[in-house]
Amino acid sequence: MTPNSNPPKPACQICGTPMDGYNFEGFYKCPACSFVTAGVTLTKKQAEQLYCGRYFNGEEYADYVSDEALIKKNFQDRMRTLLRFVPDPGAKSLFEIGSAYGFFLETAAKHFGKTAGIDITREGVEFAVKRGNNEFKGEFLKFNKLGKTDVFCMWDTIEHLSKPAEYIKKIAAHTKTGGLLAITTGDIASFNAKFRGARWRQIHPPTHLHYFSVKSLTYLLNRNGYEVVYAGHPGQYANLGNIFKIMFVIRSRNEALYNFLKGVGLAALNIYFNMFDLVYIIARKVR
């Protein structure tokens, strides 16, 4: 028997259409809804090993906890946009998927009557709980303590999920009619993503498994009973020192350049930038 030189194309998780090869080796793109996947699957054990404390301190982030003030500043911006669509938030419930160290939950608790979250990172959940956040350790698809909720949030999370369509389906089943789902993720249809290609800052499996656009996210949300009420491209605040550490120490192993930039004082600066390659979607549950 000769090997099959034309193996079957994987089916799109979002719409079921057979996917085509993409610009990068091992990647696939759906010709119907434009969903892109890296073609990588993680087991539960692999995911927990990947998203351990090192992920937030030295692997993906320079030092997540030390960057708390700027991370919360970004969350405050996202919250201001979200609150435009939430009348009387003090009477509403909010649940965050991928709540990490609880920084957004602390921001949300100032506005919403009830807040909770879930994450698989043990160190993050322990940190959040010690600070009084209602955060659970575990896998959302197996979480059975969830009632009907007014607002769900996934900040830079959906790209990490092995089964994003199943997450949206479960979220929809637990969202009150008229409730909201807020999502941020990289926008693979953005100019920066197309210009940078495989060097785009969001292309790094196995942490980023899937890549969305406004089109593919809208399709996924519509088929689960949502209508998109907001789509924007937010900027973000960041510390140059952490950016330099990620670029020159963690990724390119050029510690000498990092030390030089730190020595001349650039690492102490905080900046705001917008590459318009992140998408922020808010969708309302209509059926």
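Arg-131 has a relative accessibility of 35% and so counts as partly exposed; on this scale buried means under 20% relative accessible area, exposed means over 50%, and partly exposed is in between, with a 1.4 Å probe and protein chains only. Before going on, the sources: this is a predicted model, in which local features need pLDDT of at least 70 and side-chain atom pairs count only at pLDDT 80 or more, while totals for chains, interfaces and linings use all residues. Residues are numbered from 1 along each chain as its sequence is written, and side-chain values use heavy atoms, with hydrogens and water left out.

Which residue does Arg-131 form a salt bridge with? The partner is Glu-106, and the closest N and O atoms are 2.8 Å apart. A salt bridge here is a side-chain nitrogen of Lys or Arg within 4 Å of a carboxyl oxygen of Asp or Glu. Arg-131 sits in the loop between helix 5 (122-130) and strand 6, and Glu-106 in helix 4 (residues 103-108), so the pair ties together parts that are 25 residues apart in sequence. Helices (H or I, at least four residues) and strands (E, at least two) are DSSP runs, numbered from the N terminus. Glu-106 is buried, at 17% relative accessibility. The pair also belongs to a network of salt bridges that links Glu-68, Lys-72, Glu-106 and Arg-131.

In total, the count is 13 salt bridges. Another one joins Arg-80 to Asp-77, with the closest N and O atoms 2.1 Å apart. These two are three residues apart in helix 3, so about one helical turn separates them. Arg-80 is exposed, at 52% relative accessible area, and Asp-77 is partly exposed, at 24%. Glu-123 and Arg-122 form a further salt bridge, where the closest N and O atoms are 3.2 Å apart.

Helix 3 itself covers residues 68-83, which is 16 residues. From its first C-alpha to its last it reaches 22 Å, close to the 22 Å expected at 1.5 Å a residue; the expected span is 1.5 Å times one less than the number of residues. Among its buried residues are Glu-68, Lys-72, Phe-75 and Leu-82.

Now the sheets. What is the order of the seven strands in the open sheet? The order is 6-5-4-7-8-13-10, and the pairing is mixed. Two strands pair if DSSP finds at least two bridges between them. The edges are strand 6 (135-137) and strand 10 (226-232), each pairing on one side only. From one strand to the next, the twist averages 20 degrees. Strand 5 (residues 114-119) runs parallel to strand 6, and three bridges join them; Asp-119 stands opposite Lys-137 in strand 6.

Axes are lines fitted to C-alpha atoms, for helices over the stretch in contact, and angles run from 0 to 180 degrees between N-to-C directions. Contact means heavy atoms within 4.5 Å.

The largest nonpolar core has 33 residues, and helix 6 gives the largest share, five residues. A nonpolar core is a set of buried Ala, Val, Leu, Ile, Met, Phe, Trp, Tyr and Cys residues joined through side-chain atoms within 4.5 Å. Phe-95, Phe-140 and Ile-168 are among those with the most contacts inside it. Leaving aside neighbours within four places in sequence, Ile-168 is in contact with residues including Met-154, Leu-181 and Leu-220. A second, separate core of 28 residues includes Tyr-64 and Val-151.

There is also an open sheet of four strands, in the order 1-2-3-9, with antiparallel pairing. Strand 1 (20-21) and strand 9 (210-211) are at its edges with a single partner strand each, so one side of each has no neighbour in the sheet.

Last, some backbone details. Most residues other than glycine have a negative phi, and most peptide bonds are trans. Pro-205 and Pro-206 are joined by a cis peptide bond, with omega about 10 degrees. Ser-34 is not a glycine, yet has a positive phi of about 75 degrees; Ser-34 is buried, at 12% relative accessible area. Asp-156, in the loop between strand 7 and helix 6, has a positive phi of about 50 degrees.
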